[in-house]
Amino acid sequence: MNRRDFLKATSLAAMAPSFGLSAQTLSTSTQFRLEAAVIEQALTPYPEYKASSLWTYNGGLPGPELRVKQGELMQAELVNRLPEPTTIHWHGIRLSNGMDGVSMLTQPPVEPGARFQYVFAPPDAGTYWYHSHAKTWQQMARGLYGPLIVEGPDEPVVDHDLVCMIDDWRLNAEGQLDEASFGRLHDWAHGGRLGNWLTVNGESNPQRPVKPGSRVRLRLINAANARIFRLQLAAPALQYALDGYRTPLTSIQDIELAPAQRVDLIIDLTAEPFPLTEVSTGEPYPAFSLVPDAALGTATAAKVTLTDPTPESLPNLDTAKRLPLHMQGGAMGNLTEASLDGVMRPIRELAREYQKVWAFNGVVGNMKSRLADLRLGDTAIVEIWNDTRWPHAMHLHGFHFWVRDPETGTVSASRRDTHLMHAGERAELIFVADNPGLWLLHCHMLEHHAAGMGTVIQVS
Ligand code: C2O
Ligand code: CU
């Protein structure tokens, strides 16, 4: 059976469950099946290197591209054929808490051989993705991720709408996934598990044929555990969206994309190839190319001038709840002790005995941590201070936030779900708590989260 056979698109209009969604949004629904299983696949094109055991959805790397219409009900059945429990998190999607897929917080993990049906209607158009949220630092590093594209009613007309999931892998000397280094404390206390091999959609430097002179929408997704990608484009492109959200159109050529972040670009090609180069290590690494090929026919999308989105204004902050969040820990950090399950312990003991090296407000995070208990409808300002020597990609489940710089008062042009904080940076994440449940706030450098960098915001 190939991966396409697993993807069954059926109309299940009759099965609309009562999710508090209005009747109009439930006009159609799409059923997907995502089977998580182990496959053998080479990560390099070199025949002398052996295949790796990868964990994937439907036998492909990345998992299948799920495309749905904004507001339309989708169902996705997870079938677990892995040797350990798993779940699926729908990164960036505002959905009901029970569908958020966080193992041990919003659902029990799905045991090997078991299934779980996810049902939700994505309310926002844009580029999203799905990934495992059980032992995420290891399951995602083995390949459990895929794109989720939500189409709105008025998308720009393009010749090609392409998704690029970028990942870096740590390969051993045999060119296989380096399993021996999973869980190495050094990575957890430093920049996370960084790889030495780059793939785009599971391939090494793929050359994607496109129509000459075409207009391309390129949706870049950072699926790496910890690497902040720095991508250079062959020529300036238009930035169209960040984390799914429309941004004012800006010309960009250098892109900084932190783990879990997405950027949508509109590129008007000539007849020349259009390479993307990754430069985060200081060495240029060819990542991906769009290659015009006349055999594909002629481009038809008009190069119309796109318009900026209507700016959104910040919510009223007069009665906003302020939630200070002091991030500490990591190598070269200033954390001397922190509380773990209610017991204060020195940092050395935390690191050696428990593999915990980070804390929020002096607390090593786990699923029992609570940063706040908000009332439904509250506006919240999470005042984060990255008091560490490391960058962190802070992700909030269930909401999209504005980012305000507390020093200058500057507010981000669009909302986001993942914000990269550089060492020493302070930022305010502002959101309206309009969705009840237990929502994770964590660093998407997955080893950092596993080593204590996470908390939960409760909304009731
Ligand atoms: Cu991409 Cu906790 O998630
Ligand atoms: Cu981090």
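Between domain 1 and domain 3 of this predicted model, an area of about 1600 Å² is buried, 62% of it given by carbon and sulfur atoms; buried area is the accessible area (1.4 Å probe) that two parts lose on being put together, summed over both. The contact (heavy atoms within 4.5 Å) draws 22 residues from domain 1 and 22 residues from domain 3.

Residues are numbered from 1 along each chain as its sequence is written, and local features need pLDDT of at least 70, side-chain atom pairs pLDDT 80 or more, while totals for chains, interfaces and linings use all residues. Chains are lettered from A and ligands numbered from 1 in the order in which they are written, and side-chain values use heavy atoms, with hydrogens and water left out.

Between domain 1 and domain 3 there are zero salt bridges, a salt bridge being a side-chain nitrogen of Lys or Arg within 4 Å of a carboxyl oxygen of Asp or Glu. On the side of domain 1 that touches domain 3, β5 (88–91), β7 (126–132) and α2 (136–139) each give two or more residues; helices (H or I, at least four residues) and strands (E, at least two) are DSSP runs, numbered from the N terminus. The largest share, three residues, comes from β7.

The copper ion (ligand 2) is coordinated by H392 (ND1), C443 (SG) and H448 (ND1) at 2.0 to 2.1 Å. Donors are N, O and S atoms within 2.8 Å of the metal (3.2 Å for Na, K and Ca), and water is not among the atoms, so sites may look incomplete. Along the chain, the donors of this ion follow the spacing H-x50-C-x4-H. Both C443 and H448 are buried, that is, under 20% relative accessible area, with exposed over 50% and partly exposed in between (1.4 Å probe, protein chains only).
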